[in-house]
Amino acid sequence: MSVSILQRQSTAMRRIHPSPSVAIVGATGAVGAELIGCLERRNFPLSRLKLLASPRSAGRTLTFQGRDVVIDGLTPMSFDGVDVALFAAGSGVSKDHARRAAADGTIVIDNSSAFRMDDDVPLVVPEVNADTLGTHHNLIANPNCTAAISVMALWPLYRENKIRRVIAATYQAASGAGAAAMEELRASTEAHLTGRAYEPRVLPHPYAFNIFSHNDTVDLESGENGEEIKAARELRKLMCAPDLRVGITCVRVPVFRAHTIAMTVEFERPLSPDQAREILGAAPGVDIVDDRNANRFPMPRDATGRDNVLVGRFRADKSDPTGHSLALMVAGDQLLKGAALNAVQIAEALMK
Ligand SMILES: NC(=O)c1ccc[n+]([C@@H]2O[C@H](COP(=O)([O-])OP(=O)(O)OC[C@H]3O[C@@H](n4cnc5c(N)ncnc54)[C@H](OP(=O)(O)O)[C@@H]3O)[C@@H](O)[C@H]2O)c1
């Protein structure tokens with residue numbers, strides 16, 4: 001059964017001014033840096049760029065289109081005259097400022113988890129559910145990076161053959177935990193290789209040559225961590241699939257950038273690896289990397305700095321003899337499709 005996108009509501013949408021004034025909140029962070037880069041390389045037609053961060057960074061400069069832009073400390077007045085604000089400074093900052101800025105007329109696209117599951121806030125990946133932008137009230141949420149990258153592979157398949165169940169394991173990079181975690185990976189690896197002690201400051205466990213369960217808070221009752229909970233519920237919201245069953249194990253690995261996800265997907269009807277390859281080969285924002293001869297499949301090094309999400313390693317799940325289940329791997333730069341690029345694509349969709 002193909003899934004009708006008409007299930008979703010669509011009303012007149014408030015669009016972005018053709019030459020908007022844009023603010024980045026959290027401009028000095030890992031996502032903030034990529035937001036600046038995406039606006040620059042996609043020639044986003046902004047009239048003015050305002051860079052905001054904590055008071056610690058006020059007065060520093062960052063470069064945009066060859067010019068120095070001075071960073072301002074964020075205050076409630078920061079959004080005066082701002083048409084679009086791209087928030088990337090954590091949930092607390094978003095909770096403190098985003099709804100007020102939206103109420104005052106700024107269109108806010110928020111990278112944090114603060115509002116993603118709120119009924120009045122569309123959670124958007126443009127290739128999947130741009131139609132839900134019609135319901136926005138000046139506040140739009142960008143999904144969790146694991147959900148955003150996974151949905152790029154799952155949605156095109158789901159449209160062709162409804163998915164009943166997803167079992168996934170993630171291999172998540174340092175960059176998903178911000179600029180300080182990337183530095184911790186670099187410094188702790190250097191210390192390890194030179195025989196020096198290194199006390200973790202950002203992540204809860206030694207990061208060099210180690211893997212550990214995702215650092216988000218563990219729910220003591222269910223045993224799930226926050227990343228697992230977010231990924232599952234956001235996938236359901238993005239695909240408008242409330243009954244989708246998701247079992248996911250999220251793990252941090254010592255990779256600088258780009259998340260990899262191994263998944264097994266159970267469909268309503270049988271689906272062959274060739275059919276999946278063909279469907280995803282025609283999907284926007286997806287590149288197939290599936291070379292069995294060369295044993296080359298999606299890897300974080302190949303996904304780093306790349307807009308498209310890599311998908312491959314299609315094979316039948318031998319544990320399901322009915323032919324309804326397929327295994328595959330996905331790798332995506334979560335600072336791009338999992339955060340900054342997706343946010344800028346949302347802004348672009350609001351200008352069309
Ligand atoms: N990293 C990812 O892959 C990813 C993916 C999806 C979503 N996100 C979300 O995006 C947000 C940013 O993540 P990140 O990885 O970029 O974190 P990050 O590297 O730690 O950067 C945090 C940014 O927030 C700013 N900030 C902190 N406190 C502030 C305050 N009180 N007022 C204004 N700015 C403040 C910091 O400014 P200073 O430099 O001045 O401290 C910095 O610019 C988070 O909500 C995260 O969950 C991240």
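This passage describes two sheets, the helices that lie across them, and several individual residues.

The model is predicted: local features require pLDDT of at least 70, side-chain atom pairs count only at pLDDT 80 or more, and totals for chains, interfaces and linings use all residues. Residues are numbered from 1 along each chain as its sequence is written. Helices (H or I, at least four residues) and strands (E, at least two) are DSSP runs, numbered from the N terminus. Two strands pair if DSSP finds at least two bridges between them.

Axes are lines fitted to C-alpha atoms, for helices over the stretch in contact; angles run from 0 to 180 degrees between N-to-C directions. Val-108 stands opposite Leu-139 of strand 7.

Contact between two residues is assigned if their C-beta atoms, placed from the backbone, lie within 7 Å.

Ile-36 belongs to helix 1 (residues 30–41). A residue is buried if 20 or more other C-beta atoms lie within 10 Å of its own, exposed if 12 or fewer, and partly exposed in between; C-beta atoms are placed from the backbone. Ile-36 counts as buried because it has 22 C-beta neighbours inside 10 Å. Leaving aside residues up to four places away in sequence, Ile-36 touches Ile-24, Ala-27, Leu-62 and Phe-64. Ile-36 and Leu-51 are 15 residues apart in sequence, and their C-alpha atoms are 9.1 Å apart in space.

Another open sheet has six strands in the order 10-8-12-15-14-13, again with mixed pairing. Strand 10 (245–249) and strand 13 (286–288) stand at the edges with a single partner strand each, so one side of each is left without a neighbour in the sheet. Here, too, neighbouring strands are turned by 25° against each other on average, direction ignored. Strand 8 and strand 12 run antiparallel and are joined by eight bridges. Ala-169 stands opposite Ala-262 in strand 12. Strand 12 (residues 259–267) also pairs with strand 15 (residues 325–332), in the antiparallel sense and over eight bridges. Ile-261 has Val-330 of strand 15 as its bridge partner. Glu-266 stands opposite Ser-325 in strand 15.

Helix 4 (residues 145–160) lies across strand 8 (163–171), strand 12, strand 13, strand 14 (309–316) and strand 15. Helix 4 runs at about 35° to strand 12. The axes of helix 4 and helix 7 (residues 273–281) come within 9 Å and cross at roughly 110°. Helix 4 is therefore roughly perpendicular to helix 7 (angles under 35 degrees count as roughly parallel, over 145 as roughly antiparallel, 65 to 115 as roughly perpendicular and the rest as oblique). In the contact, Ala-153, Pro-156, Leu-157 and Glu-160 of helix 4 meet Ala-276, Ile-279 and Leu-280 of helix 7.

Ser-175 sits in the loop between strand 8 and helix 5. Ser-175 counts as buried because 26 C-beta neighbours lie inside 10 Å. Its contacts, not counting residues up to four places away in sequence, are Ala-30, Met-182, Phe-256, Arg-257, Gln-334 and Leu-335. The C-alpha atoms of Ser-175 and Val-151 are separated by 20 Å, with the two residues 24 apart along the chain.

Most residues other than glycine have a negative phi. Phe-209 is not a glycine, yet has a positive phi of about 55°. Phe-209 lies in the loop between helix 5 (179–193) and strand 9 (212–213). With 10 C-beta neighbours inside 10 Å, Phe-209 counts as exposed. Cys-240, also not a glycine, has a positive phi of about 55°. Cys-240 is in the loop between helix 6 (226–238) and strand 10. Cys-240 counts as partly exposed, with 17 C-beta neighbours inside 10 Å.
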